[in-house]
Amino acid sequence: MAAQLGIGIVGAGVIGAVHAAAVAGVDGARLVAVADPREDAGRRLADAHGAAWHADDAALVARPDVDAVILATPSGLHADQAVRAAGAGKHVITEKPMAIGLADADRMIAACEGAGVALAVIFQTRFTRDAVRLKRAVEAGLFGRPVIGNAVVHWRRTDDYYAANGGWRGTRALDGGGALMNQSIHTIDLLQWILGPVARLAADTATLDHAIETEDTAAAVLRFASGALGTIQGTTAADRDWPVRLEIVGTEGRAVLQHGALTGWEPRPGAVDADLLTAEDRALTDGWRADEPMGTGHQRQLRAIVAALRSGQEPPVPGREGRKAVELILAIYRAAETGAWVELPAAR
Ligand SMILES: NC(=O)c1ccc[n+]([C@@H]2O[C@H](COP(=O)([O-])OP(=O)(O)OC[C@H]3O[C@@H](n4cnc5c(N)ncnc54)[C@H](O)[C@@H]3O)[C@@H](O)[C@H]2O)c1
């Protein structure tokens, strides 16, 4: 196993701070540098963790003591920053969405493959014990044949949230979308992770309550490649954050995952639901609690990524996996724009 992994964080905003705190609790990794053009924010985060500050990612990836970078910047910046990091021979750990276009996602994947470095995408909701249990139960046919899968994200985001840090959220250029590309993407990722690829979809989007360029509300109808149907609803215009819901209905049962925990569990009568999890599933979700605070999921995923990098394995949620939710969301946007059904995989 390699020595301690030196981590550099690019972006010292909300989620950069979450990563810095999470890295501090990961064995085998230490934060060595933070890059952010906002000197006060960058220095504050770096100083709090005994790390160095840089004004830009190019200086950070040039450091010999940085082995891997975490991209915690506005989403539209991830692709160029990932390509620069890969060019400097550093592993890339990017926040979701990995990119806001498929050409960018492919550029990141190619750059990392070409440089022989890893590309991991943060989707911490895949690391809750109940989400993995639901996936394994569906695979094992505990609910019969899936016929419906719904992803429901009814949240509130304030005008201050959209205005913060230069107002990048809700813009086409830097957020790449709104309620779906930024907020609902975790639940959309889980839906396709558990039920498999979507073959076609129809959708509509609207901007109902915020002065932003992109959608604050969206709804889509899906047909999965398996033949099952489904829906996606996402909004940041609700009165508060209602618990996120993922519903799976099968010919012989049903399950509901609410805010990461199973609140509905009705497998087919007589189904054996013990021992669904593999040893790896147990290790990846070790320590999960339904009421855990923000940042714990990030730490679990980072722990798995660091362990994989130190032993030369591919880390969980590689780039080609992270690309799937982006492809699905972009297809929803195209369906909403054209009013037509969109077939997947996307022709590019
Ligand atoms: N996994 C999750 O649950 C989760 C939660 C929130 C945000 N995110 C993702 O994390 C990313 C950042 O979101 P946030 O809410 O932390 O945003 P934020 O605005 O709070 O922070 C972004 C930071 O990036 C900095 N920045 C801007 N341009 C930069 C550049 N060229 N180089 C270096 N730093 C630069 C900004 O100054 C700011 O400090 C987004 O991709 C978002 O989708 C993920």
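Domain bounds here come from an automatic or database domain assignment. On that basis the chain is divided into domain 1 (5-121) and domain 2 (146-250 + 325-343), and 26 Å separate their centres, taken over C-alpha atoms. Please keep in mind that this is a predicted model: local features need pLDDT of at least 70, side-chain atom pairs count only at pLDDT 80 or more, and totals for chains, interfaces and linings use all residues. Residues are numbered from 1 along each chain as its sequence is written.

**Overall build**

- The chain has eleven helices and 14 strands; helices (H or I, at least four residues) and strands (E, at least two) are DSSP runs, numbered from the N terminus.
- The radius of gyration is 20 Å, close to the 20 Å that the globule rule gives for 348 residues, so the chain is as compact as a globular protein of that length. The radius is taken over C-alpha atoms, and the globule rule is 2.2 Å times the number of residues to the power 0.38.
- Along its principal axes, the C-alpha trace spans about 55 × 45 × 40 Å.
- Of the 348 residues, 51% count as buried. A residue is buried if 20 or more other C-beta atoms lie within 10 Å of its own, exposed if 12 or fewer, and partly exposed in between, with C-beta atoms placed from the backbone.
- Among contacts in the chain with a separation of 6 or more, 71% come from residues 24 or more positions apart. Two residues are in contact if their C-beta atoms, placed from the backbone, lie within 7 Å.

**Where the domains meet**

- Eleven residues of domain 1 are in contact with 13 residues of domain 2.
- On the side of domain 1 that touches domain 2, there are seven nonpolar, three polar and one charged residues. Ala, Val, Leu, Ile, Met, Phe, Trp, Tyr, Cys and Pro count as nonpolar, Asp, Glu, Lys and Arg as charged, and the others, Gly among them, as polar.

- In soluble globular proteins, nonpolar side chains tend to be buried together.
- The largest nonpolar core has 107 residues, of which Val69, Val92, Met108, Ile329 and Ile332 touch the most other members. This core draws at least three residues from each of domain 1 and domain 2.
- Such a core is a set of buried Ala, Val, Leu, Ile, Met, Phe, Trp, Tyr and Cys residues joined through C-beta atoms within 7 Å.
- Leaving aside neighbours within four places in sequence, Met108 is in contact with Ala79, Ala82, Val83, Met98, Ala99, Leu119 and Gly319.

**Around the ligand**

- The ligand is surrounded by 25 residues, and the closest are Gly11, Gly13, Ile15, Glu95 and Asn165. A residue is near a molecule if its C-beta atom, placed from the backbone, lies within 6 Å of it.
- Helix H1 (residues 14-24) gives the most to this shell, with three residues.
- By class, the shell has eleven nonpolar, eight polar and six charged residues.

**Backbone points to check by eye**

- Lys96 and Pro97 are joined by a cis peptide bond, with omega about -20 degrees. Pro97 lies in the loop between strand E5 (91-94) and helix H5 (102-115).
- A cis peptide bond also runs from Leu344 to Pro345, with omega near 0 degrees. Pro345 lies in the segment after strand E14 (342-343).
- His259, in the loop between strand E12 (253-258) and strand E13 (261-266), has phi near 50 degrees, a positive value in a residue other than glycine. With 16 C-beta neighbours inside 10 Å, His259 counts as partly exposed.
- Val317, in the loop between helix H10 (296-310) and helix H11 (319-338), has a positive phi near 55 degrees. Val317 is buried, because 25 other C-beta atoms lie within 10 Å.

**Two alanines of strand E8**

- Ala206 has its place in strand E8 (residues 198-206) and is partly exposed, with 14 other C-beta atoms within 10 Å.
- Not counting residues up to four places away in sequence, Ala206 touches Glu215 and Thr217. From Ala206 to Asp216 is ten residues in sequence and 6.4 Å in space, C-alpha to C-alpha.
- Ala199 is found in strand E8 and is partly exposed, with 15 other C-beta atoms within 10 Å.
- Leaving aside neighbours within four places in sequence, Ala199 is in contact with Arg223, Phe224, Ala225, Glu343 and Leu344.
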